[in-house]
Amino acid sequence: MNFLNEMHLKIPALSINESFARGVVAAFCVSVNPTLEEINDLKTAVSEAVTNCVVHGYKDNSGEIEIWAGLTENEIYIEIKDFGVGIADTETAMQPFFTTKPDEERSGMGFTVMQAFMDCVTISSKQGEGTTVKMQKKFSIKEEQNA
């Protein structure tokens with residue numbers, strides 16, 4: 001696939017970087033003029049994916065999160081990857097209300113939220129090697145873009 005632009009970002013898996021990551025990805029796609037609603041959807045999905053890396057990927061250990069994004073004229077592709085503990089059963093993990101941290105009052109809705117705001121969400125994971133979340137979102141084409 002030919003992308004108009006691509007970006008790579010590596011950040012420490014710290015909760016303070018969640019808002020940074022979502023802001024960077026949102027700013028990255030501004031050149032194709034998405035709607036405010038599309039930007040907010042994207043930011044929410046990225047926040048959930050990064051939070052999952054921080055909370056579940058590394059548990060109490062530090063690590064790194066890699067974010068890649070590719071942009072076409074009307075679509076964004078995103079990969080958010082950690083190199084942490086991995087997920088034993090991704091199908092179960094994607095079920096609404098499933099959480100590995102019920103004692104921390106986690107809702108278990110992270111993957112459900114990502115799916116609600118993106119057009120496509122896939123997860124691949126290997127125990128002991130980490131998890132990759134791939135997301136895709138199409139942007140509406142505005143009249144002023146075509147003028």
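Ile78 stands opposite Met135 in β5, and this pair belongs to a contact between β3 and β5 that is made by eight bridges, with the two strands running antiparallel. The model is predicted, so local features need pLDDT of at least 70 and side-chain atom pairs count only at pLDDT 80 or more, while totals for chains, interfaces and linings use all residues. Residues are numbered from 1 along each chain as its sequence is written, and side-chain values use heavy atoms, with hydrogens and water left out.

Strand β3 (residues 75-82) is also joined to β2 (residues 64-71), here by seven bridges and again antiparallel; the two form a hairpin with three residues between them. Within this pairing Gly70 stands opposite Tyr77, and Glu66 has Lys81 as its bridge partner. Strands (E, at least two residues) and helices (H or I, at least four) are DSSP runs numbered from the N terminus, and two strands pair if DSSP finds at least two bridges between them.

Taken as a whole, five strands form an open, antiparallel sheet in the order β1-β2-β3-β5-β4. Because β1 (5-12) and β4 (120-126) stand at the edges with a single partner strand each, one side of each is left without a neighbour in the sheet.

Helix α2 (residues 36-57) packs on the sheet, touching β2, β3 and β5 (130-138), where contact means heavy atoms within 4.5 Å. Six of the eight residues of β3 are buried, leaving this strand mostly covered; buried means under 20% relative accessible area, exposed over 50%, and partly exposed in between (1.4 Å probe, protein chains only).

Terms used: Axes are lines fitted to C-alpha atoms, for helices over the stretch in contact, and angles run from 0 to 180 degrees between N-to-C directions.
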